[in-house]
Amino acid sequence: MNPPFAKVFLDTSVIFAAVLSPQGGARMVLRLGEIGYLRLMVGPQVLRECEEVVRRKAPGSLSDLALLLNAAHVEMTPEASPKALEQALQWISYPPDARILAEALEARADGLVTHDARHLLTLPPDALPLRMGTPSDLLGWLRQSLTQQAR
């Protein structure tokens with residue numbers, strides 16, 4: 001069975017939540033990458049932010065960050081092109097989040113998973129070629145898909 005969101009781009013907030021908590025939706029998303037059910041991706045901007053946030057807020061968890069990303073087979077995507085960044089800036093005026101959206105667009109992700117309700121989750125759902133939501137949203141979409149496939 002193939003999930004409807006096979007390629008999922010992770011935002012910094014989701015990775016940080018997974019590092020801090022072994023329970024919860026963020027860690028479950030990483031587990032789905034670990035078993036190969038989802039193809040998880042991050043871009044250079046996200047990776048830089050993750051390392052900076054973990055070093056600042058939970059320095060003892062830096063090795064956990066590396067282990068989780070490795071175990072979940074998280075792929076590094078290329079830097080966003082100027083064209084993708086220009087496109088993202090049409091929707092998001094805050095440059096760091098625009099760069100994250102641009103990296104997700106450049107990677108041709110099916111979905112972007114984030115906790116960023118200020119800039120990313122406020123975008124109109126039909127405006128973008130990918131679906132955006134929280135880890136809980138993604139798990140709900142996957143559950144719904146499995147239910148429909150079982151019928």
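The following legends describe close-up views of a predicted model.

**View A. Packing of helix α1 against helix α2.** Helix α1 spans residues 12-20 and helix α2 spans residues 25-34. Their axes lie 7 Å apart and meet at an angle of about 95 degrees, which makes α1 roughly perpendicular to α2. On the α1 side, the contact is formed by Val14, Ala17, Ala18 and Val19; α2 contributes Ala26, Arg27 and Leu30. By class, the residues of this contact comprise 6 nonpolar, no polar and 1 charged.

View B. Leucine 32 is part of helix α2. Its relative accessibility is 15%, and leucine 32 is therefore classed as buried, the cut-off being under 20% relative accessible area. When neighbours within four places in sequence are set aside, leucine 32 is in contact with Tyr37, Leu38, Leu139 and Leu142.

**View C. Packing of helix α3 against helix α4.** Helix α3 covers residues 44-57, and α4 covers residues 62-71. The axes of α3 and α4 come within 9 Å and cross at roughly 145 degrees. From α3, the residues Leu47, Cys50, Glu51, Val54 and Arg55 take part in the contact; their counterparts in α4 are Leu62, Leu65 and Leu69. The contact of α3 with α4 consists of 6 nonpolar, no polar and 2 charged residues.

**View D. Loop residues with positive phi.** Most residues other than glycine have a negative phi. Histidine 73, which is not a glycine, has a positive phi near 55 degrees. Histidine 73 is located in the loop that joins α4 (62-71) to β3 (75-76). Arginine 108, likewise not a glycine, has a positive phi of about 55 degrees. Arginine 108 belongs to the loop between α6 (95-106) and β4 (111-113). With a relative accessible area of 66%, arginine 108 is exposed, since the term applies to values over 50%.

**View E. Arginine 131 over the ring of tryptophan 141.** Arginine 131 is placed over the face of tryptophan 141. The distance from arginine 131 to the ring centre is 4.1 Å. As for pairing between aromatic rings, the structure contains 0 aromatic pairs.

Key. Residues numbered from 1 in each chain as written. Predicted model: local features only at pLDDT ≥ 70, side-chain atom pairs only at ≥ 80, totals over all residues. Heavy atoms only, no water. Phe/Tyr/Trp six-rings, centres within 6.5 Å; stacked < 30°, edge-to-face > 60°. Lys NZ or Arg CZ within 6 Å of the ring centre and 35° of its normal. Axes fitted to C-alpha atoms, helices over the stretch in contact; angles between N-to-C directions. Helix = DSSP H or I, 4+ residues; strand = E, 2+ residues; numbered from the N terminus. Parallel < 35°, antiparallel > 145°, perpendicular 65-115°, else oblique. Contact = heavy atoms within 4.5 Å. Nonpolar A, V, L, I, M, F, W, Y, C, P; charged D, E, K, R; others polar. Buried < 20%, exposed > 50% of the residue type's maximum accessible area, 1.4 Å probe, protein only.
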